[in-house]
Amino acid sequence: MAITLVNPSGLPEIDVYRQVSIASGSRLVFIAGQVAWDAEGITVGEGDLAAQVEQCYLNIATALAEVGGSFDDVAKLTVHVVDWTPDKMPSLLEGISRAAAKLGVTPVPPATLLGVAALDVPDHLVEIEAIAILD
């Protein structure tokens, strides 16, 4: 495996991600920010943050599969949520959990969560980009 995830002592242990990823692979994969579009470009889960997060994760998995990878190869995620407030965390976690169940993984690479004013399409509530390392 190209990625080892670590929670260093002296830093808080976060349930939904690890603080550090150690990459040993030779190919860097940068995945553009994924939104809640299905394969036909139709927005999935209009107005439903959990459904959109789930679709974003599934889209990242699709992109990774195309280049011979999986979520186990993700070294870093950046999550952009429109009008972020802490009360949206349960919906975010629900979407991650649903995607994890469908993918059969526990996606816990280091992540950065950013609140943004808007995304490219008004119906999009979240956009997630990924960096992966493949051997």
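His124 is located in the loop that joins strand S5 (111-116) to strand S6 (126-134); strands (E, at least two residues) and helices (H or I, at least four) are DSSP runs, numbered from the N terminus. The structure is a predicted model, in which local features need pLDDT of at least 70 and side-chain atom pairs count only at pLDDT 80 or more, while totals for chains, interfaces and linings use all residues. Residues are numbered from 1 along each chain as its sequence is written, and side-chain values use heavy atoms, with hydrogens and water left out.

His124 has a relative accessible area of 1% and is therefore buried (under 20%; exposed is over 50% and partly exposed in between, with a 1.4 Å probe and protein chains only). Its side chain forms a polar contact with the side chain of Asp120 (3.2 Å); such a contact is a pair of N or O atoms within 3.5 Å, one able to donate a hydrogen and the other to accept it. Residues up to four places away in sequence aside, His124 touches Val35, Ala36, Trp37, Thr43, Gln52, Val82 and Leu119, contact meaning heavy atoms within 4.5 Å.

Helix H1 (residues 49-66) and helix H2 (residues 89-103) have axes that come within 7 Å and cross at roughly 40°.

Asp83 occurs in the loop between strand S4 (74-82) and H2. Its phi is near 50°, a positive value in a residue other than glycine. With 52% relative accessibility, Asp83 is exposed.

Technical notes: Axes are lines fitted to C-alpha atoms, for helices over the stretch in contact, and angles run from 0 to 180 degrees between N-to-C directions.
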